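Good morning. Please look at the chains on the screen, and I will go through how they sit against one another.

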4 protein chains.
Amino acid sequence: MVLYLEEKLQYYTMDLEISHAALKELVVANRILANEGVVDAFGHVSVRHPKNPERYIMACSRSPGIVTIADLMEYTLDGDPIDQQGRSMYAERHIHGGIYEVRSDLHSVIHSHSHAVIPFGLTGAEIRPVFHMGSTMLGPIPIWDISDKFGDTTLLVLNMEQGRDLARGLKHGQIALMRGHGCVVGAETIKKAVMMAVYLEDNAKLQMQAMQMGQPRYMTAEEIRLCSERIGGDLAIDRAWEYWSIRAGYSDI
Amino acid sequence: MVLYLEEKLQYYTMDLEISHAALKELVVANRILANEGVVDAFGHVSVRHPKNPERYIMACSRSPGIVTIADLMEYTLDGDPIDQQGRSMYAERHIHGGIYEVRSDLHSVIHSHSHAVIPFGLTGAEIRPVFHMGSTMLGPIPIWDISDKFGDTTLLVLNMEQGRDLARGLKHGQIALMRGHGCVVGAETIKKAVMMAVYLEDNAKLQMQAMQMGQPRYMTAEEIRLCSERIGGDLAIDRAWEYWSIRAGYSDI
Amino acid sequence: MVLYLEEKLQYYTMDLEISHAALKELVVANRILANEGVVDAFGHVSVRHPKNPERYIMACSRSPGIVTIADLMEYTLDGDPIDQQGRSMYAERHIHGGIYEVRSDLHSVIHSHSHAVIPFGLTGAEIRPVFHMGSTMLGPIPIWDISDKFGDTTLLVLNMEQGRDLARGLKHGQIALMRGHGCVVGAETIKKAVMMAVYLEDNAKLQMQAMQMGQPRYMTAEEIRLCSERIGGDLAIDRAWEYWSIRAGYSDI
Amino acid sequence: MVLYLEEKLQYYTMDLEISHAALKELVVANRILANEGVVDAFGHVSVRHPKNPERYIMACSRSPGIVTIADLMEYTLDGDPIDQQGRSMYAERHIHGGIYEVRSDLHSVIHSHSHAVIPFGLTGAEIRPVFHMGSTMLGPIPIWDISDKFGDTTLLVLNMEQGRDLARGLKHGQIALMRGHGCVVGAETIKKAVMMAVYLEDNAKLQMQAMQMGQPRYMTAEEIRLCSERIGGDLAIDRAWEYWSIRAGYSDI
């Protein structure tokens, strides 16, 4: 499969002032999230512009599993496209802008309808790290309910006010559930955000099963602190990234 | 894989007075429903004839995952074939005719044994939208029990009287569960019917898990109204359709 | 993939006095059962010799998902090979011989560790048809416990006495669970046995989920009788067989 | 796919004084464990050096699903590489060294985050053989909690003291759960370890489901003894290995 046209690539690379490697990383992140079951036809992942913190890069309105470099667009934090070229845009892009605006420490954001987390958002049960790979979520995950501030809505985050409110819903953490909708994950890098999103889903699945068997023993705060530092290190992330990339069809990595 | 013979296509296109694009859409719908796990060896999808509301188009008796354009047949609402050409027919085609006859607002119908919905039909638990993608089902889903009117049967819908009764079982909605059997989904277009069928299954799965964890918070009536309008719009449906088509092998889209 | 050598095929065809089509059907059944998740590395399917009811045909000791025609062997009902040619044999072949001996109405037998049925065998909960496709099992499924007659064993059926006892455990039905082990399915034809085995697994899964939600409404005895006749007919079976064959790689059908 | 370079192979074969067949077996074990869902991006499998019991062979820090012969490294029991060649190493290699040191009867070790076993470790519920394929685990599986001796940690086994403690946690058995982490499986051979790891996962899944339905009937101690001898024999293991190898892409076996 030809994933992108080389000439197109050069064009976008110049336009966005981002290296080929950085753009490709974002494309691969899209494909991994689809291939590992974090996103389906919907959901999206973005990265803050490495040279301009007031901008971010994200695909046009296309399912993550089929995103290519030619689909990547540059946005202001308010969600305005720099060079739209007629492409349609994710309606919920304000999730990304809101978080980048409120949280200067976060440089990559994933929004998904990751299945195992949704029942927690619906029942108010708290997702907490139950196994070491879940420690990257750092602590119990807050549930953001759009109706708390905005009443009856589409449940979608459709403007910057809602995006900023969601960002505050992270409560200094990096993950929030969105009631009746899904979740949002923010991290320092794309690779780390993907790692967190994959294992958030696994942790939720395992916790749900354990809760049906009895009272799960959760990780202690200190275990979470020690383990997340280790698991969140480059060595672990790079090993997983290499594998997930190959599974998603990027055999040249 | 060659999906159809061009000459055959031309023949059928003329015969049915339907465009190539419309026929192909129905074939792709068949493939998507199989590939996304809504149907297995059984189940079917039809579309009302765009130029003759008293007719509909559906495959001959073949599993949706392997339907081609050459398998498409034209039927009267009573389920009589216009040009059978020796092909065997779905015994339950009266599901489709019954709904098209009773419900002039519906132009595409899917019948499936979609797994997650069946336990609801068996226990009388009500499927209700728990997450935004489930809002397309509009409200709680009625359960139609063929034995209410017809006593002990094969559970299959084998004649127009049963088909019409099922159509009335929709109760002005677009989805009904069929006790001990599966469900039926009707919509204005093929693409919308597929979207509803895919997310009905997801909603049922998530609701089932949430019910095991506690009392799920359901979407409010107003949230459902607002969200279904949005999710049911072309932008969302086209994004999903493009992705599902590619996953089902239609790389030329 | 070359599934068999033509010259080998001819040899076996002559040796077994069975048509190429019949042998191929048994090979395809092996592949379908693996591909549809009924068997894993273990499990087996046999057919009674069409010209000699005192013999049956089954693969040598090889996982069903990779069986070819060259693996097929002819056995006496006692499990003695007619022409072993050094091939190793399934230790549990007496399941097949026992059933063919005791039940002259059954001509194909499947033994599997089909996952969803095992928890029923472990807890004594009764599998009963909950949806129309499950009606082929005919009624509640008896649980055969090898320890009832043979005390502590390997749980495996390793001789004719055990095979005959299992056959009697069918209690005039066609399916029995084997406690702590799996199940056995017998039918008039290979295709029907495969159909029953696939939907036994589905029925068990759906029933398990429904039991967690409340009290499932089971099919009535009359519904089972009417529906099993219909579903067990050639039209339904041939539709499923065509699809499953193609999914398992037999695109020439 | 070219899995390794022949010249590299020759080099490593000489270096490690292990036959090509033995090295390939370890590579295939890596691939099978990934393909059958026992390991994901993380987890590892090793074999004791056949000519030097004070050494073991294991891949460098790479996901099992993409390990090749060129990734194999030789270690002392203390986890020091014999010839690192700049390759990064699994941080938790001391799991392997600890077990090989403490348990001279074990010659292959698998560490995984096998999903179904984790909820048992979290709730203290005991995994016990419920079906014949689970008999290879021999008895109830002990749960090793790293915090019992080491207090708050990363949960990872990062030094020999922890590795030896885990080895003692096996309590004369061959499997131990690791609370909040996964499990470890030790066996006499690579093939047997893989067999045990695959069916440990299945047994845990089936037991979990049975526990939700009622009180499972567990295998008796004598059934476990008789069955494990049989299932653990070469005939059963070789049949499964052939199948799993082919599924994992090793069609030349």
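First, a definition: copies of a chain are superposed by least squares on the C-alpha atoms of residues with pLDDT of at least 70 in both. This is a predicted model, where local features need pLDDT of at least 70 and side-chain atom pairs count only at pLDDT 80 or more, while totals for chains, interfaces and linings use all residues. Residues are numbered from 1 along each chain as its sequence is written, and chains are lettered from A and ligands numbered from 1 in the order in which they are written.

Now, what puts chain D onto chain C? A rotation of 90° does, with 0.0 Å of shift along its axis, and the RMSD is 0.0 Å. The two copies are therefore related as by a four-fold rotation axis. In chain D, the C-alpha of D:Gln212 is the nearest to that axis, at 5.6 Å.

Next, contacts. Two residues count as in contact if their C-beta atoms, placed from the backbone, lie within 7 Å. By that rule, 27 residues of chain D are in contact with 25 residues of chain C. On the chain D side, α7 (190–213), α8 (221–231) and α9 (234–247) each supply at least two residues. Helices here are DSSP runs of H or I, at least four residues long, numbered from the N terminus. The most comes from α9(D), with seven residues.

Do the copies meet through the same or different surfaces? Different ones, because only 4% of the interface residues of chain D are also interface residues in chain C.

Finally, chains A and C do not touch, and their nearest C-alpha atoms are 11 Å apart. Chains B and D have no contact either, with their closest C-alpha atoms 11 Å apart.
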